[in-house]
Every structure is written in C-alpha cells, then in structure tokens.
Amino acid sequence: MSSSPWDYIAKLVCIGDSGCGKSSLTIRLCEGRFSPHHDVTIGVEFGSRIVPVGPPHTRPPVTSASAAGEGGGGGGGKGLPEPPRDTSGEVQKHMKLSLWDTAGQETYKSVTRSYFRGASGALLVFDLSRKQTFQHVTDWLNDLRQIAEPDIVVVLVGNKADLTQQETNKREVTREEAEEWAKRNGVLEYVETSAKSGENVEKAFMRVAERIHQNIQAGRYDLNDRRSGVKGPSAGAKGQVKLGNNASKSVGGGCC
C-alpha cells in the first residue's frame, strides 16, 4: 500500500478571458479565501488540492423512507427499514488536483496554449456580467481541443454569480443560453459560481474530478504516461509537478 496521501494526480487547467476570476476560483478552492485585488496572471500560476473521489464518498445515503419501501411485505405494511450496510472495508480513493491557472490576455495566448498539453480536465470560465467573455468561450474550447487529449473533461463555469443576485442585477448571460451552449459543444456541465462567496466553487472542480475518476475506472488513461494528464502513485515523486507552497490544501472529507 502506498504511503502517498493521494491515489491519483490529475492536471486541470483554468482557461478563459482575462478578468473572469480564474485565479480567484483557484485561490478559493486551495486556500478557502477571496482576494478582491489580484495581479493579472502572467503565463501560469499553480495550486493543488486533494479531494475524495468515487465511493463511499459519492454513494448517496439510503433514507429510511426508501429502505422501508424496499422492505414492504404483505398485508400493506411498510416493513422495517433496511439495516445499514457495512462499508468499513471500502477504501476511499483520493485525487490530487494539480491546478494550472492560465493567463487570459491575448498577449500571452501563445504561451497559455502550451500548458494545455497533458491536461485531463479544464474549467472554461467566463464572467456572467460581461457578455463578451461568454462569446469567446468557443474560441477557448477550440484551442483546448486542438492541443489537449481527446478525452479531456470540460466544465463550463459562469463566474461572479454574486453580481447577479444584487438589486442592480448585472447578469448579461442567462443560465439557459449557457446550458444550451454546453450541450451543443459536448461540455460535461454548466455551473454558476462565485469566487467571492464560495458558491459552487467546489462543485465545479469536483464535477471534473469525479468524471476523471470514472474515466480512470474505465481504463481510458495510461497512468504511467505523462501525456495522459493522470498519474497513479507508482509514478512517484519524480513525476509530480512542483506546486507553490502558498496554494496547497488537502481535505479528507467530502465537499460540495
């Protein structure tokens, strides 16, 4: 059994126009805080977090009502709830998310594209209060799919949801049009987040992590091939990406 605190390590990239809050989302996930003033990213910044993936973390709990329905017997009685099952022998898997926060400015786009290689997941971020950033997500997705692996898992993220809940609603992109775009372009899911409040930030990253884990179980990655974007513990420390000390956080429980 490996002494590593993680079973897999996956490379995720955050992409999208400048000023959409990509760095704020990464900081919120890794450090649990929001910084209202953040320098423009030049090239790429790094972060990491260890999250639980797969069962028993993802198994929905059995409610008394559903258990009673399954145990119903003759005479119209509801029966007794099913006794809890022993899952103590089931080992929780953990994945280390290696987060690459890329620059969104056109000036750095040629540099940014190079970081798409070897990514197994991506958060495609736009600003809900700026329609133009949503109009550019198609270009970002095309660039990503030209360079990254064919099986890359992509979640569309509409950030700054806090600006849509105030009296002066600044929303310029509806949930319906973003969801329609996600379906039309083969994106896994659309999630609205707020790096400021923390709303759905973990959900967005966990959607990517869980789908990557499903792909691992389906044998879609070579865990010893750096280009696949996913490594197993056998890859050892030499295969790990060196991450900044100020952007690392590990968790042993669930989130969302």
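A salt bridge is a side-chain nitrogen of Lys or Arg within 4 Å of a carboxyl oxygen of Asp or Glu. The model described here is predicted, so local features need pLDDT of at least 70 and side-chain atom pairs count only at pLDDT 80 or more, while totals for chains, interfaces and linings use all residues. Residues are numbered from 1 along each chain as its sequence is written, and side-chain values use heavy atoms, with hydrogens and water left out.

By the salt-bridge rule the count comes to nine, and the table shows some of them.

| Pair | Closest N to O |
|---|---|
| Lysine 131 and glutamate 177 | 2.8 Å |
| Arginine 184 and glutamate 180 | 3.7 Å |

Helices (H or I, at least four residues) and strands (E, at least two) are DSSP runs, numbered from the N terminus. Arginine 184 and glutamate 180 both lie in helix H6, four residues apart, which is about one turn of the helix.

Accessibility is sorted into buried (under 20% relative accessible area), exposed (over 50%) and partly exposed (in between), using a 1.4 Å probe and protein chains only. Arginine 184 is exposed, with a relative accessible area of 55%, whereas glutamate 180, at 42%, counts as partly exposed.

H1 is followed by glycine 32, which has a positive phi, near 70°.
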